[in-house]
Structures are given as C-alpha cells and as structure tokens.
Amino acid sequence: MEIRYWNKEIETADREKLRQIQLQRLKSIIASALKTPFYSRRLPSVGIHSPDDIKSLDDLRKIPFTTKDDLRQNYPKGLLSVDTSEVVRIHTSSGTTGVPTVIYLSAKDLDAATDIMARSIYATGTDKTDILQNMMSYGLFTGGLCMHYGAERVGLMVIPAAGGNTKRQIQLMKDFRTTVLHITPSYLLHVHSKLAEYSVAVSDLALKKAFVGAEPHSENTRRKIEDLFDIDAYNSYGLSEMNGPGVAFECVYKTDLHLWEDAYIVEIINPKTGELVPDGKEGEVILTNLIRHAMPLMRYRTRDLAFLHKESCPCKRTHRRLSRILGRTDDMLIINGVNIFPSQIEEVIMKIPEVGTNYQICVEKQGALDRLIVKVELYSKIFMGEAKQIDNLKAKIADELKASITLKPAVELHEPGVLPVFEGKAVRVVDSRPKL
Ligand code: DLL
C-alpha cells in the first residue's frame, strides 16, 4: 500500500528544496487565485497578472494581506475558483458573530489536506495499532471530519464520538480501549473531573496520548493534562481558513509545532506595521495555503500571536517550528489601562496545584473603574478544607496574578461543577462592560 503519512524526502528536505517546492506550488495557486472574483481584482492591482509574474518567493510579499473581513465581504462565493460541481466539501469557521466564513475543498484539495493531517498524526508516534476517539464536533467545524479522515489514512481505528455526553465518552474509552484522544484541552480537564463520578479510574483506561488544540492553552495546562491522565499531550494547531487541524503539530519530542511548509508558507509580522519580524520574536502568524485550489487563500492574517524557533528539532524534520499560540491580536482585554491576555491568567492559575479544572474571567464596571474577577474552581477536598487555608489560597492566587498581569484581581473560589462547562471551545471571558 502507498504510504501517505510519512514522507521522509519532504519532511527532512533541505531548506533550498523546500523553497523550490513552495515557489512552484505558489505559482500554481496564483493561477487558481486569478480565477476567483476576489483575487482577479486584487492581484492585477499589484502587478500580478499571471503565475509568471512570481519570480521568487520574495514576490509573495507584493500580495496584500487577506483578512477575515475580506472573507466575510466576499461571502459566499467570492473566493471560489471552480464551479461548485468540483467542490466536495465545505466548512465554516466557528464561534464568530455576523457573517460566517466559508471554505471550499475539491476532491484533490481534500486528499492533499488529508495527507498532511495523516502526517501530523504519524509524527506523534501514533500508528495503525492505535484507537482514536475523536471528541471534536463533527459538522461545519473542521476539528471532527478533518482529523477523522487523516486518522483513517494512517489506518487507525476511529471512534467518531464527537463532543459532549461525557458519561458515554468515558464508557467508549473503557469499552474500546481508546489509546488516543482528539479533544480541546478544557474539555479533557472536564472529563478528568467526571471520572470519579462514574467510578472510573485513570488506570481503568488504556489512554496513551491526546491531541489537544482548537483553543489557547499554556504549557502548564499541558503538564496538568499529562500528569492527571499519565499520557503524552501533543499540541495541534490549525484554523478553518487553512483546512482546519494539521497546519502545525508537535512531533514525539514535543518541542512546539512543526508547521508543514510544503503545504503552508508562514510569515511572522509585526501586526501594527505589517513588517516581518526576526525569528524568535513574537508577532502575528500569516499563512498562505499552497494545497487548496478550489478556494485559494494567500497571506491570511490569522490574528494569532506566536514566534518561529531558530533551532532545529532532534527529529531531523526541517520544517519550521512555531511556538504555541501566545494570544491573539484581538482578544486582549484593557482593564483600567492595563493590557491583559486571558492566556496570561490561565498560565498563572493552572500552575497552582490546588486549582481544579475550570475557571472564568469576568470583567465588569464598578463606578468608573473596571473590575476583574477571576473565578476558579478548586478540587473538592481542598474546597472542603479549613476556612483559613481557603483565605490564604485566595490571597496567594491574587498575588501571583498581580505579579504576572500587574493588577490585582478579585478572586472567587468555587467548588467543582459551579462554573459553566463547555464541550467544545470554552468561552472563558465574560466582559459585561458597556460597549463603547
Ligand atoms: O480550531 C481548527 C482546529 C481543530 C485546530 C482541532 C486544532 C484542533 P477554527 O475554529 O477556525 O479552527 O479556530 C481557529 O483557534 O486561529 C487559534 O486562535 C485557535 N487555535 C487553534 N488551535 C490552537 C492551538 C480550529 N493549538 C483558531 N493553540 C486559531 C491555541 C489554537 N489556539
């Protein structure tokens, strides 16, 4: 059988060879892009009339960025390069308000995206002997179907469990000896908090790994997951606009995310100036999709903040490594003039051993000032402990948060099960301040 999940030649290609592949694929994408209403206007305006106008990869930077707003304004077909009879699948992006953004894939596009997903899975040391329980929702969200196809390509037994119904999920894990989970980190922590209720111990399960992604999480959250379940957790990064999960994935060494450069060109820019930033420096991730022709997307502003590593990985793959996502250019909270990313708060509280698996960040107005309240669930045996100890813990959490975010929030401690639970992406921030 043809192996389509381990391509040594491409995965360890020297940088020059990778650049050649990128250039050739970029030209081919330009040809498709010129067939779309959107890019057929935009590319000629910067002097690109045919693929031959791209002489080197540097020419990519002539192309203006494409934003989510561009996608919305050209909804539903402005970026489609083929007749819909050529399209075999659509996805839309999750969680945004207003007009959604839609992604179209031809059979060839889907096949290429599936190869990349399969490559990501295999890079974690997962193979056909594994059993994957896919706990991401199936449907318009890419997390379910895209992972499903990739896992089948590697030959895994896939349990298409989708999200929700925690009791059944745990039963499936037990009955089918699930070895790998695909899940959001917040839901995985919730699953752990439910094990005892269903009289299941971690040792009753056969779990070895989890692929966690689709939402920001810190290194401390990863460690917490690994410790609670005694597994390896691999970070998985992707976005609907780039075909969903599998844009970048960790390998067995867990040294951050290999971004598959034969499929995507990555640039890291200063979000204010649009200029490229040097390796090692944080900026906005800009992605060009090299493997999707039905709906080309070039220089897409992801709004995700990350940096590229300078060092190579012991696995010998040559594709650049992206740091975990450090925040977004658009989820920053400004509280009494202080800029705060929710991920900074998570980083601090998840390090504190008494803290359980769920939390919420609330911002409200109190008179003229903003008030930040961090609500945290404790493990039940801690919550039942002495009142004085609880008070000390509250002060400790507030102090540690102040050291990180420079302002001291009010901290509320709760018993498990009080704060809202999310079976897909968690909504951690409740900002009830009046809109400007
Ligand atoms: O979340 C695709 C996906 C599914 C990725 C399953 C991984 C696993 P969207 O709904 O379009 O697609 O959301 C994309 O989610 O721009 C990031 O802000 C965030 N995100 C995705 N993966 C990670 C991650 C899917 N590993 C948006 N760490 C992206 C942090 C992530 N944030």
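These legends accompany several close-up views of one predicted model.

The model is predicted: local features need pLDDT of at least 70 and side-chain atom pairs count only at pLDDT 80 or more, while totals for chains, interfaces and linings use all residues. Residues are numbered from 1 along each chain as its sequence is written, and side-chain values use heavy atoms, with hydrogens and water left out.

**View 1. Confidence along the chain.** Let's begin with pLDDT, the predictor's confidence in each residue, from 0 to 100. Its mean over the protein is 94, and 98% of the residues reach 70 or more. Residues 94-98 have pLDDT below 50, and beyond near neighbours in sequence this stretch has six contacts in the model (contact means heavy atoms within 4.5 Å). Where pLDDT is low, the predicted coordinates should not be read in detail.

View 2. A cavity is a set of points, on a 1 Å grid over the protein atoms alone, where a 1.4 Å probe fits but cannot get out; lining residues have an atom within 4 Å of a point. Grid points are joined across faces, edges and corners, and a volume is the space filled by probe spheres set on the points. Helices α5 (107-123) and α6 (142-154) and strand β8 (244-250) each supply at least two lining residues; helices (H or I, at least four residues) and strands (E, at least two) are DSSP runs, numbered from the N terminus. The largest share, five residues, comes from α5.

**View 3. The second largest cavity.** Here the volume is about 50 Å³. Among the lining residues are Leu71, Tyr75, Pro76, Tyr104 and Met295. By class, the lining has seven nonpolar, three polar and no charged residues (Ala, Val, Leu, Ile, Met, Phe, Trp, Tyr, Cys and Pro count as nonpolar, Asp, Glu, Lys and Arg as charged, and the others, Gly among them, as polar).

**View 4. The second largest pocket.** A pocket is an open set of grid points with protein on both sides within 12 Å along at least five of seven lines. This one has a volume of about 590 Å³. Of its 25 lining residues, Arg25, Lys108, Ala112, Asp115 and Ile291 are the closest to the centre. Helix α5 gives the largest share of this lining, seven residues. The lining divides into 11 nonpolar, five polar and nine charged residues.

**View 5. The sheet of eight strands.** This open sheet has the order β4-β3-β5-β6-β7-β8-β9-β13, with mixed pairing; two strands pair if DSSP finds at least two bridges between them. Its edge strands are β4 (157-159) and β13 (321-322). Strands β8 and β9 (residues 257-259) run antiparallel and are joined by three bridges, with glutamate 250 opposite leucine 257.

**View 6. The sheet of four strands.** This open sheet has the order β19-β18-β17-β20, with mixed pairing, and β19 (410-414) and β20 (429-431) are its edge strands. Five bridges join β18 (residues 369-378) to β19, and the two run parallel. Valine 374 stands opposite valine 411 in β19.
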